[in-house]
Amino acid sequence: MDYKKEDLTEAKRQIDSTLHKLRETVKTLEAKEKPDRYKSQITLAKRRIAAFEIAIYLIGKELEGSITPY
């Protein structure tokens, strides 16, 4: 699919914002008195962070023009 540069830039900005919030959430949950109680939430947040990092990478490559369409 072809996306406008502005659309990709805005998507990246939104994902960056969400990533920041997720990282702060992980820090907060891990700092709790009993972080084991929040293990599933921490795991979920970390998996989402990894997924969003992949998305950021791919958007960056698309913006550079180095991803070839299928």
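Colleague: Is E53 buried, partly exposed or exposed?
Modeller: E53 counts as partly exposed, at 38% relative accessibility (buried is under 20%, exposed over 50%, partly exposed in between, with a 1.4 Å probe and protein chains only). Bear in mind that this is a predicted model: local features need pLDDT of at least 70, side-chain atom pairs count only at pLDDT 80 or more, and totals for chains, interfaces and linings use all residues. Residues are numbered from 1 along each chain as its sequence is written, and side-chain values use heavy atoms, leaving out hydrogens and water.

Colleague: Thanks! Which side chain does E53 meet in a salt bridge?
Modeller: R23, at 2.6 Å, N to O. A salt bridge here is a side-chain nitrogen of Lys or Arg within 4 Å of a carboxyl oxygen of Asp or Glu. This pair links distant parts of the chain, with E53 in helix 2 and R23 in helix 1, 30 residues apart. Helices are DSSP runs of H or I, at least four residues, numbered from the N terminus.

Colleague: And what does K46 pair with?
Modeller: The K46 side chain forms a salt bridge with E30 (3.0 Å, N to O). K46 lies in helix 2 and E30 in helix 1, so this pair ties together parts 16 residues apart in sequence.

Colleague: How many salt bridges does the structure hold?
Modeller: It holds 5. Another one of them joins D16 and K12, at 3.0 Å, N to O. Those two are 4 residues apart in helix 1, so about one helical turn separates them.
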